[in-house]
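Welcome to this short tour. Please open your viewer, keep the sequence beside it, and follow the stops one by one.

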Amino acid sequence: QVQLVESGGGLVQAGGSLKLSCAASGRTFSSYAMGWFRQAPGKEREFVATISWSGVSTYYADSVKGRFTISRDNAKNTVHLQMNSLKPEDTTVYYCAKSRDSVINRLKSAYIYWGQGTQVTVSS
């Protein structure tokens, strides 16, 4: 099985930056795309960003486009989410996920492994 562990969450002022990291362990021997999602209380888990196995292709939700950047280091089995110009509405729990495929995908159904989440709080 695969385990995903997020880190880097915390409290930041509006307009500030934060970098999330996700470390994968276990049976991570095949190619796969990775994604970041977030979920606020009472809301559906929302797509944020995805990156292909090669790292060449990325896709972002309109709400974070131009502010967030997803990247990966396959040699270290890690994926990152650099978050700039943070807004209070970005406050929620962020999750990383591993896809069953190597191509980018914004649908939750494409992802078969999920981390436990890391809290991001943006103050006014």
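## Stop 1: the whole chain

Show the chain as a cartoon: it has 0 helices and 11 strands. Both kinds of element are DSSP runs numbered from the N terminus, with helices being H or I of at least four residues and strands being E of at least two. Going along the sequence, you will trace the pattern β-β-β-β-β-β-β-β-β-β-β. The radius of gyration is 13 Å, close to the 14 Å that the globule rule gives for 124 residues, so the chain is as compact as a globular protein of that length. This radius is taken over C-alpha atoms, and the globule rule is 2.2 Å times the number of residues to the power 0.38.

Before you zoom in, note that this is a predicted model, in which local features need pLDDT of at least 70 and side-chain atom pairs count only at pLDDT 80 or more, while totals for chains, interfaces and linings use all residues. Residues are numbered from 1 along each chain as its sequence is written, and side-chain values use heavy atoms, with hydrogens and water left out.

Now switch to the C-alpha trace, which spans about 45 × 25 × 25 Å along its principal axes. Of the 124 residues, 40% count as buried; buried means under 20% relative accessible area, exposed over 50%, and partly exposed in between (1.4 Å probe, protein chains only).

## Stop 2: an open sheet

Next, select strands E1, E3, E8 and E7. In that order they form an open sheet of 4 strands with antiparallel pairing; two strands pair if DSSP finds at least two bridges between them. Which strands sit at the edges? They are E1 (2-7) and E7, each of which pairs on one side only. From one strand to the next, the twist averages 15°; the angles, on a scale from 0 to 180 degrees, compare N-to-C directions of axes that are lines fitted to C-alpha atoms (for helices, over the stretch in contact).

Keep E7 and E8 on screen: they pair in the antiparallel sense over 6 bridges. Then pick out aspartate 73, which stands opposite threonine 78 in E8.

## Stop 3: the salt bridges

How many salt bridges does the structure hold? There are 4, each being a side-chain nitrogen of Lys or Arg within 4 Å of a carboxyl oxygen of Asp or Glu.

Begin with lysine 65 and aspartate 62, whose side chains meet in a salt bridge at 3.4 Å, N to O. Lysine 65 is partly exposed, at 48% relative accessibility, while aspartate 62 is exposed, at 65%.

Move on to arginine 38 and show its side chain with that of glutamate 46. These two form a salt bridge, with their closest N and O atoms 3.2 Å apart. Is arginine 38 buried or exposed? Arginine 38 is buried, at 7% relative accessibility, whereas glutamate 46 is partly exposed, at 33%.

Aspartate 90 lies in the loop between strand E8 (78-83) and strand E9 (92-99), and arginine 67 in the loop between strand E6 (58-60) and strand E7 (68-73), so the pair ties together parts that are 23 residues apart in sequence. Aspartate 90 is buried, with a relative accessible area of 1%, and arginine 67 is buried too, at 10%. To finish, display Arg38, Glu46, Arg67 and Asp90 together: salt bridges that share partners join them into one network.
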